[in-house]
Every structure is written in C-alpha cells, then in structure tokens.
Amino acid sequence: MLFRSTPSMYNCILYYTNSSQTGSNDLPNNLLNYRNLGGHLITAVFTWNIRPTTWNYLNLTNFVGTVNQTFNNTNINVLISHPIFSGVSSAITNNTSYYVDDIVSTQSGSTTLANFSSNNRPFLAIRTVTTSGNTSNLISINTWPGGISSYTNMRRLFTNAALWSVGLI
C-alpha cells in the first residue's frame, strides 16, 4: 500500500475525488495514519461529501458538506493574509465558472482564509493538528484541482499550499 511507509517519503499529499468512493476503508485509514505521523494533507472537492458512508473524513479535511456540485466563477475574497495567496489573483479561474461544492462549511478548529465572493461560502481553510507530538498541516480547497493545468492562479495556489504545508514558505 502507498501509505505503509513513513511521512518522510511523502512531504505532502493532495487528495480529491470527482466521483463516489467505493471499497474498503484502507484509504481513509492510511491517510489518517499518515496525518497522525506528521504527514501534511491537502484536500479538495469533493472529499467532504462524496465518500463511503463509513469514512471518518472529519479528521482529514477542514470542510463538511453535502453533495451539491455546482459551478462558480471562483472569484474569492481573501479574509486573512497568508503565504498561500502569494502571487495569486482573486480570480482563481480567470472569471471562468468551475467546479465547487456550494453547500459546505468550515469545521470547528479550522480557519477560513478565503471565501467565494459570490456567496461567502468557504473557499480555503487551514488547520494544524498535533497527535502524539507529531504536527500536521491540513489545507482544504473548495475547487477541483484538475484546473491546475489550465489556470495559472489555481496552479500557483495549490503549489503554495503544498509549500506552506511543509514549511517552505
């Protein structure tokens, strides 16, 4: 299995889904073990709503929501200045509508850094978790990362998120 090794082999993992997850709980259990060992995790749509019903995703992401895939122009309001937004325009997808989850909220203990300008729903949230002396950074981004190949701002945002999670910015 991919996650039977130590977090040092993988500085940061980006996990997202675009369809319902099926099968065993090996993936969420291994992601949680990775996090508990100090691994850093970036989650994106639709992790918090399209998952096996037995997943305990609350320990892996900053958002909670129901299935409501929609399109949003992904213009954002940055609420708290943070290195993740360095060099990133508020027009994440250059004013093009893109996949988001419209019914999502930030979990207790997480900090919303940006929301959508159209409806104030959370766009990006962070949380630092310490388990048995191991510290992990969790970043959740409410958009589909497939756009990193097309949108410079989205690519920069996900890159910055990964760099911040491991302490490089």
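Trainee: Which residues of α1 are buried?

Mentor: In this predicted model, Pro 28, Asn 30, Leu 31, Tyr 34 and Arg 35 are buried in α1. Buried means under 20% relative accessible area, exposed means over 50%, and partly exposed lies in between, with a 1.4 Å probe and protein chains only. Helices (H or I, at least four residues) and strands (E, at least two) are DSSP runs numbered from the N terminus.

Trainee: How do you know on which side of α1 they lie?

Mentor: Their arc around the axis is only 165°, so they lie on the same side of α1. The arc is taken from the directions that run from the helix axis to the C-beta atoms. An α-helix has 3.6 residues a turn, so residues three or four places apart point the same way.

Trainee: What covers the buried residues of α1?

Mentor: The cover includes β1, β2 (40-44), β9 (122-131) and β10. Contact here means heavy atoms within 4.5 Å. After α1 comes Gly 38, with a positive phi near 100°.

Trainee: What are the ground rules for the values?

Mentor: Residues are numbered from 1 along each chain as its sequence is written, and side-chain values use heavy atoms, without hydrogens and water. As the model is predicted, local features need pLDDT of at least 70 and side-chain atom pairs count only at pLDDT 80 or more, while totals for chains, interfaces and linings use all residues.

Trainee: How many aromatic pairs are found in the whole structure?

Mentor: The search finds 2. In one, the ring centres of Tyr 16 and Trp 144 are 6.5 Å apart and the planes are at 80°, so this pair is edge-to-face. Rings of Phe, Tyr and Trp (its six-membered ring) pair if their centres lie within 6.5 Å; planes under 30 degrees apart are stacked, over 60 edge-to-face, and the rest tilted. Tyr 16 is in the loop between β1 (12-15) and α1 (26-36), and Trp 144 is in the loop between β10 (134-141) and α2 (152-165), 128 residues apart.

Trainee: Why is Tyr 16 called partly exposed?

Mentor: Its relative accessibility is 33%, so Tyr 16 counts as partly exposed. Trp 144, at 21%, also counts as partly exposed. Phe 116 and Phe 123 form an aromatic pair too, edge-to-face, with 5.3 Å centre to centre and 80° between the planes. Phe 116 has 1% relative accessibility and therefore counts as buried; Phe 123, at 0%, is buried.

Trainee: What makes Ser 110 buried, and where is its place?

Mentor: Its relative accessibility is 14%, so Ser 110 counts as buried. Its place is the loop between β7 (104-106) and β8 (111-116). The side chains of Ser 110 and Asn 62 are joined by a polar contact of 2.9 Å. A polar contact is a pair of N or O atoms within 3.5 Å; within protein, one must be able to donate a hydrogen and the other to accept it, and residues adjacent in sequence count only if both atoms are side-chain atoms.

Trainee: Why is His 82 called buried?

Mentor: Its relative accessible area is 15%, so His 82 is buried. His 82 is in the loop between β5 (76-78) and β6 (98-101). Not counting residues up to four places away in sequence, His 82 touches Leu 113, Ile 126 and Trp 164.
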